[in-house]
Amino acid sequence: MKKRILLLAGGQSGEHEVSLMSARSVLNALPRDQFDVTPVVISKQGRWLPPTETQRALESGEAPSGGDLVLHRAASAEGYDAVFPLLHGPMGEDGTVQGLLTLAGIPFVGSGVLGSAVSMDKVMTKQVLASAGIPQVAWQLAVRREWQQQPDSVRDRAAGLEYPLFVKPANLGSSVGISKVARAEDLDAALNLAFRLDRRVILEAMTAHKPREVEVGILGNDAPIASPVGELQFAADFYDYETKYTEGRATMHIPAPLPADVAEQVRTLALRAFRALDCAGLARVDFFYLEETGELLLNEVNTMPGFTTTSMYPKLFEAAGLSYSALVTRLVELALEDR
Ligand code: ADP
Ligand code: MG
Ligand code: MG
């Protein structure tokens with residue numbers, strides 16, 4: 001019998017549009033002889049759109065407001081065999097939707113509440129990975145209330161990391177709200193921007209040299225496998241939103257032109273991180289590689305990475321011999337697997 005799949009897309013985060021792009025690809029790729037797929041777009045206001053409006057939003061790349069409340073829809077989602085929550089960022093990739101689906105008793109693709117929540121928060125990720133002995137840049141946490149009431153203590157901690165440094169909302173992606181701060185004079189503006197988007201902000205030391213950015217895909221539950229390693233090359237100062245989503249600004253190299261032992265170390269560290277964070281299904285683990293010193297620093301773990309047919313994660317597994325449609329099929333199988 002065909003499996004009934006609910007494909008969730010859009011969502012309330014700054015990565016709404018990115019999610020719609022990924023969802024269009026997955027919708028086309030899930031083999032129709034095996035799956036009966038119902039897409040539901042979640043608007044930026046958090047409403048789950050009925051079928052005709054969902055179709056229109058997928059085609060136009062833009063969701064109107066209106067539709068059923070999230071809880072109402074989840075209650076009626078019980079008839080599905082599995083949910084594919086193809087949502088990026090807060091209210092989707094961060095354990096919230098995963099909690100709702102867990103409560104509703106519906107299997108879903110990807111990490112559960114714990115792995116999703118910890119991996120979404122860049123500070124929690126760093127804390128867990130530090131205790132697992134995984135190398136990372138130096139960092140500091142700041143919370144909004146402290147920034148409002150004792151800004152100097154935040155400025156002092158930033159100065160302790162030395163400039164240039166990165167200021168990021170702790171719970172976002174696609175480089176939304178991230179600034180590279182070259183001088184102390186520019187710190188306040190970067191913090192104000194990040195705190196508009198999150199209560200928690202991470203300050204990060206910049207890597208000693210401009211890093212090479214290498215990424216690896218992980219696939220599986222408690223016996224995960226690692227893909228070949230890929231590398232992103234771009235001219236911009238850092239991998240910002242524009243560089244990520246403007247055609248032709250960045251090029252993907254698979255496999256990454258790395259010494260074999262470095263690539264192997266990337267894969268080993270990524271698998272260790274995936275286990276330490278209790279991830280499941282899939283994750284893309286991103287690293288900085290400092291050619292000058294041979295250092296490898298783990299940057300972040302994305303539990304629902306970009307998923308268009310040209311995105312890094314599916315391309316990495318394609319290089320390993322798994323086609324896009326075999327990959328999405330495998331992800332649904334993993335969601336249905338007893339753990
Ligand atoms: P996101 O989750 O939004 O992708 P990242 O933490 O990956 O956020 O940061 C986005 C980009 O900013 C990275 O791909 C890299 O180009 C640059 N960057 C972030 N942190 C650092 C750092 N500590 N040192 C050097 N470059 C960084
Ligand atoms: Mg990210
Ligand atoms: Mg990133």
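How much area is buried between domain 1 and domain 3? In this predicted model, the area buried between domain 1 and domain 3 is about 320 Å². Carbon and sulfur atoms give 60% of that area.

**Domains**

- The domain assignment divides the protein chain into domain 1 (3-108), domain 2 (119-135 + 209-336) and domain 3 (139-205).
- The centres of domain 1 and domain 3, taken over C-alpha atoms, are separated by 32 Å.
- Four residues from domain 1 and five residues from domain 3 make up the contact.
- On the domain 1 side, Gly 14, Glu 15 and Pro 90 lose the most area to domain 3, and together they account for 85% of what that side buries.
- According to UniProt, in an unreviewed entry, the feature "domain: ATP-grasp" is placed at residues 126-333.
- The span of residues 126-333 is 36% helix and 29% strand, and its end C-alpha atoms lie 30 Å apart.

**Helix packing**

- Two packed helices are described by the angle between their axes and the distance between the axes.
- Helix 1 (residues 16-29) packs against helix 2 (residues 51-60) at an angle of about 110°, and their axes are 9 Å apart.
- Because angles of 65 to 115 degrees count as roughly perpendicular, helix 1 is described as roughly perpendicular to helix 2.
- Helix 1 contributes Leu 20, Ala 23, Arg 24 and Leu 27 to this contact, while helix 2 contributes Ala 57, Leu 58 and Glu 59.
- The residues of the contact of helix 1 with helix 2 comprise five nonpolar, no polar and two charged.
- Helix 5 (residues 113-120) and helix 6 (residues 122-131) pack at an angle of about 105°, with axes 5 Å apart.
- Val 118, Ser 119 and Met 120 of helix 5 meet Lys 122, Met 124, Thr 125 and Val 128 of helix 6.
- The residues of the contact of helix 5 with helix 6 comprise four nonpolar, two polar and one charged.

**Backbone features**

- Most residues other than glycine have a negative phi, and most peptide bonds are trans.
- Tyr 163 and Pro 164 are joined by a cis peptide bond, with omega about -5°.
- Pro 164 lies in the loop between helix 8 (151-161) and strand 7 (165-169).
- Ile 254 and Pro 255 are likewise joined by a cis peptide bond, with omega about -5°.
- Pro 255 is located in the loop between strand 12 (250-253) and helix 11 (260-276).
- Met 91, a residue other than glycine, has a positive phi near 65°.
- Met 91 is found in the loop between strand 5 (82-85) and helix 4 (96-104).

Terms used. Residues are numbered from 1 along each chain as its sequence is written. Chains are lettered from A and ligands numbered from 1 in the order in which they are written. This is a predicted model: local features need pLDDT of at least 70, side-chain atom pairs count only at pLDDT 80 or more; totals for chains, interfaces and linings use all residues. Side-chain values use heavy atoms; hydrogens and water are left out. Axes are lines fitted to C-alpha atoms, for helices over the stretch in contact, and angles run from 0 to 180 degrees between N-to-C directions. Helices (H or I, at least four residues) and strands (E, at least two) are DSSP runs, numbered from the N terminus. Angles under 35 degrees count as roughly parallel, over 145 as roughly antiparallel, 65 to 115 as roughly perpendicular and the rest as oblique. Contact means heavy atoms within 4.5 Å. Ala, Val, Leu, Ile, Met, Phe, Trp, Tyr, Cys and Pro count as nonpolar, Asp, Glu, Lys and Arg as charged, and the others, Gly among them, as polar. UniProt positions are given in the numbering used here, feature names are shortened, and annotations may be inferred rather than shown by experiment. Domain bounds come from an automatic or database domain assignment. Buried area is the accessible area (1.4 Å probe) that two parts lose on being put together, summed over both.
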